[in-house]
Structure formats: C-alpha cells, structure tokens
Amino acid sequence: PGTKLISAMSPNEIRGAYVLYIGAGAVATGGLISLARAMPLIWRSLSSGLSGLSKKRADTKSLETTNSFTPRTEQSLNMKWVLIGSLAIVAVITVATPLHMNLLGALLILVFGFLFATVSSQLTGQIGQSSNPISGMTVATLLFTCLIFLLMGWVGGQYYVTALSVGAIVCIASSVAGCTSQDLKTGHLVGSTPKFQQYAILIGAFCSALLLGP
C-alpha cells in the first residue's frame, strides 16, 4: 500500500511530503557537525573579541605604539558594539507586537541564528551564496521551534505567528551571514578594511529593513 500511495503522488507532492523534511534534517545535522568542527575557531574569535572589553583605554593606547598593533586589513567592529547591537535587536523583536514574540522565541532566535549563521558562512565559502541551502535551514528552524512549542503546550494561533517569526528572522540572519562572509572574503582579496565593509553592510541592512519591514 505504501508503494502504491507514493507512485500515485506527483513529484512535487513527494518533495513536499518527504524530501523537504529529509533535506531539512540533513541540513540541521550537517549544521551541528559543522558547528562542532568550527567551535575552536569560533571560541578563539570570541575570546579575542571579548578580551578587548576588559582592557582599559590606556592599554589600548599603549598597544598602538607597539608592533602588535592590528593592521588596517584586520580591523573589525568592536565586539562590545556587536554584543550591544545583538541584545538591542533581540529586545526590539521581543516587544514588537506584530511578531507575537516572547522570551523563549527570542532565545531560540539567538541559538538558531548563531548556529545557522555559522553554517551559512561556511557553506558560502564551500559552494557559494547562490547554492546556500537557506530554505533547508529555515525549515529545520521551524521544525525545532514547533517541536519545542508543542512540548510547552503552545498550540494556539498566536504561537503559529511566533514560530513563523522565529523562522523568518533566522532565515534572514542566515542569508545576511552568508552574503557578509562573501563580501569580507572578496574584500580580503583586494586589501580592504573589514570595519568599513561592515559599516556599509549595516547601513544597507538597516535601509532594507526600513523599506521592506512595514
């Protein structure tokens, strides 16, 4: 009976009922493996960025006079502002009425956003942004979010909007992460300053949000 049922389905129906979820599971599993492999690099980057938060202004001035001063081509945004900006965005998302967001949803955005932004950046370097499986990451986010909501007993219409909002925001974060990594890679090849590239990306993302968000 199962064979007859599948044979009666169209290719699009088979994709929607089976292949899409298998692919989403594969992307999620691959993402966890990639994240585990990238953790040493991520930890070194975070440690390097966070170490600057505890340094005093005098220490920064003394570094500028030594040979350990960071070259222009390796200067990025200060990790302090990255953390403040991330927390501010999450706070705005949490209080945004149309998104029906709650604290758990905001935490899921942080967790899945960090996970799939890392995966997207790595896949962009391997297969390119045009072949980056953003849809698979989004479906995986929705599956995990809905499973957590189901375990919490959140099955009302309001939570449908919350789950979709989590998936949409993580989708955008993953896409922007891949594009940003590709931009920074290209900039590295031509000797640009990462900090100025990041300023331009922030301005572009902010303007896009102002126009497309409403």
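Modeller: Let us begin with a definition: rings of Phe, Tyr and Trp count as a pair if their centres lie within 6.5 Å. The model is predicted, and it holds six aromatic pairs.

Biologist: What makes Phe 112 and Phe 116 a stacked pair?

Modeller: Their ring centres are 6.4 Å apart, and the planes stand at 25°. Planes under 30 degrees apart count as stacked, so the name applies. Both residues belong to helix H5 (residues 103-127), where they are four residues apart, about one turn of the helix. Phe 112 and Phe 116 are both buried, and together with Phe 144 they form one aromatic cluster.

Biologist: Why is the pair of Phe 149 and Trp 154 called edge-to-face?

Modeller: The centres of these rings lie 5.3 Å apart, within the limit of 6.5 Å, so they pair. Their planes meet at 65°, and a value over 60 counts as edge-to-face; therefore the pair has that name.

Biologist: Why does Phe 149 count as buried, and why is Trp 154 called partly exposed?

Modeller: Phe 149 has 2% relative accessibility, and buried means under 20%, so Phe 149 is buried. Trp 154 has a relative accessible area of 22%, which falls between 20% and 50%, so Trp 154 is partly exposed.

Biologist: What describes the packing of helix H6 (residues 134-152) and helix H7 (residues 157-190)?

Modeller: Their axes are 9 Å apart, at an angle of about 145°, and H6 passes H7 in a right-handed crossing. The residues of this contact comprise eleven nonpolar, seven polar and no charged. Phe 149 is among those that H6 contributes.

Terms used: Residues numbered from 1 in each chain as written. Predicted model: local features only at pLDDT ≥ 70, side-chain atom pairs only at ≥ 80, totals over all residues. Heavy atoms only, no water. Axes fitted to C-alpha atoms, helices over the stretch in contact; angles between N-to-C directions. Helix = DSSP H or I, 4+ residues; strand = E, 2+ residues; numbered from the N terminus. Left-handed = near helix turned anticlockwise from the far one by under 90°. Contact = heavy atoms within 4.5 Å. Nonpolar A, V, L, I, M, F, W, Y, C, P; charged D, E, K, R; others polar. Buried < 20%, exposed > 50% of the residue type's maximum accessible area, 1.4 Å probe, protein only.
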